[in-house]
Amino acid sequence: MNTLEVNGQQIPTDEEGYLANLEDWTRDVAEAMAANEDCSLTESHWEVISFLREYYQEYEIAPAVRILTKAIGKKLGKDKGNSKYLYELYPNGPAKQACKYAGLPKPTGCV
Amino acid sequence: MVNNTDKKSFITPDASVKLSIPEIEESASKHLAPFKASAEHQAALGFPDRLIDNWKDVAIEKLGELSGKYRGLRVYLDSCVNCGACTDKCHYFLGTGDPKNMPVARQNLMRKVYRRYYTFAGRTVPWLVGAEDLTEEVLDDWYTYFNQCSQCRRCSVYCPYGIDTAEVSMAAREIMDTIGVGQKYSNEVIGKVHKLGNNLGLPGPALANTLEGLEEDVLEETGVAVKFPLDQKDADILLVTPSADFFAEPHVDGLIGYAKVLHQAGISWTFSSTASEAANFGLFIGSYDNMQQIASRIKDAALELNVKRIVFGECGHAWRVAYNYLNTLAGPFDFLDPKYPMPQHIVEVTYDLIQQGRLHLDASANDDKRVTFHDSCNIARASGMAGIKGGQLSVPRDVLKTVCNHFYDMRSNTIGEATFCCGGGGGLLTDDLLELRVKGALPRMQALQELHDKHNITHMAAMCAICKSQFAKVLPYYGFEMDQIISVHQLVGDALVMQR
């Protein structure tokens, strides 16, 4: 079983570090995942994570990249509503890396 | 050689040198086995949830069953003469140098077991005929190297006997699933299709929300109210497209292109929330049952929505399955309008509309681009289009040349029937195989680099969701930008002069 250590507790994950149980998510979990990948979470990162979590709660899936960029553009300004900006924040891809930190399952299929 | 910063570090090969046969390096890619399917993923597909106790007997029996049932497989296992024509034709061999990625060596992993148990010579004098027992070590090799085959079938083009390694790797994966050893990526995806209708796991309400968003975007960009209908009964066309088209870039720009074309042509069409996926990963794991179940959703949706035609979006292996097997798997489709081909590809629809003069296209809209085309393996080597010989190669090019003034083809032994796989096909588009994917893309990257040096190519167009995601990921490893891969129908949509 793969785990992530957060404040001395072992949280179960899959082989790639995505949470095994979505309800285990806390802000500390996101921070620990990011730290493992040498990424420090700024306010801009948190905007993305919050939107992903809100969208997931309503639709049970991460939003399409286009929906995400549009939402971020509305919140942070049009110059940031594009995938280039999101890739600067999340170099391994907003859909995968940001989903992981947000505690969502990894998007599957031909993506 | 470029060192990249990925955590599991490896060296990206150099694409600026000419394609050549690499130095052999034993076991160079032995460490690249994908994650195994969990008990839950296996059970969802009706496979044993772990390696069963009597796995050896069951695997040998299954091999006998498959080589008896599929005559092609048996001929492939019996007829190889070790001529070597295939040895330097596989992109994974060219990219890794691992001799077990030579197609003949990959086939031999199964052939030696087949000989041992199913030929007279192999049963009596195995050491003379390269026959070997099925052991744990052999099974490990099967899992690793049959999951390093993207089933692209390039090797079969060069084999004088037409031996198709894809069929061998499909059979191997089926045997492994039968004994409880599945591959996580493919089996998890198939489970999602059975449960939610698509590879992504996109539920109906999320799909509806996504399509509404696209309607708003296109209206804002063009001033034209292009619709993206969902579950609209009595539409003329049911459009079945990979779910990546709803989700990812550059896929979604192609999806917008399909909608613009159909809107401009005044054709009524719809997506289905139950058949919201063109892909059929049942093919990749060689499972006829799963393939049939996935294909049947499309027929059920077509009947329920009372459509007249079924059209497939830009997905490589979906078109192979549709073109070759849909009728066998889920037919008859006699309820559809016989005036149209069943199934039809979206690029055929666009091509026909262009021939009929029903689209107003202005290629100068793409004058900022210098474009080439990547033939996707399953389309190029396993399908046809428009009833024209080689139409699957000429139709997309004719469309591209109509919508782009600057189109150039890559070197002839890397395109068309000889096309190189993107490096991520056949169920290998998963991050746990990233090193293999990057290295397997080498031959395509070399051809692209060569053309780029001559013509300053800005974009490579493709018609397959896997190819698009794979290139978006691996292009940066070779010094290109991720957005240099583009959907064919994005170029069409951008050139389309919208009139209402």
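Mentor: Two residues are said to be in contact if their C-beta atoms, placed from the backbone, lie within 7 Å, and helices (H or I, at least four residues) and strands (E, at least two) are DSSP runs numbered from the N terminus. This is a predicted model, in which local features need pLDDT of at least 70 and side-chain atom pairs count only at pLDDT 80 or more, while totals for chains, interfaces and linings use all residues. Residues are numbered from 1 along each chain as its sequence is written, and chains are lettered from A and ligands numbered from 1 in the order in which they are written.

With that in hand, begin with helix α3 of chain B, where B:G72, B:L73 and B:Y76 meet B:E167, B:V168 and B:A171 of α9(B). Helix α3(B) covers residues 71-79, and it packs against α9(B) at an angle of about 110 degrees with the axes 10 Å apart; axes here are lines fitted to C-alpha atoms, for helices over the stretch in contact, and angles run from 0 to 180 degrees between N-to-C directions. That angle makes α3(B) roughly perpendicular to α9(B), given that angles under 35 degrees count as roughly parallel, over 145 as roughly antiparallel, 65 to 115 as roughly perpendicular and the rest as oblique. By class, this contact has four nonpolar, one polar and one charged residues, where Ala, Val, Leu, Ile, Met, Phe, Trp, Tyr, Cys and Pro count as nonpolar, Asp, Glu, Lys and Arg as charged, and the others, Gly among them, as polar.

Another helix pair of chain B is α2 (residues 55-69) and α5 (residues 103-118), whose axes come within 10 Å and cross at roughly 95 degrees, and α2(B) and α5(B) are therefore roughly perpendicular to each other. On α2(B) the contact uses B:I60, B:L63, B:G64 and B:S67, and on α5(B) it uses B:V113, B:Y114, B:Y117 and B:Y118. Six of these residues are nonpolar, two are polar and none is charged.

On a wider view, the domain assignment (bounds come from an automatic or database domain assignment) divides chain B into domain 1 (48-181) and domain 2 (190-495).

Strand β8 (residues 459-462) of chain B is joined to β9(B) over three bridges, and B:A461 has B:I486 in β9(B) as its bridge partner.

As for chain A, the contact takes 28 residues from chain B and 16 residues from chain A. Among the elements on the side of chain B, α11(B) gives the most, with five residues, and that side divides into 17 nonpolar, seven polar and four charged residues.

Finally, chain B averages a pLDDT (the predictor's confidence in each residue, from 0 to 100) of 96, and 98% of the residues score at least 70. Over residues 1-7 of chain B, however, the pLDDT is below 50. Where pLDDT is low, the predicted coordinates should not be read in detail.

Conventions. Pairing = 2+ DSSP bridges.
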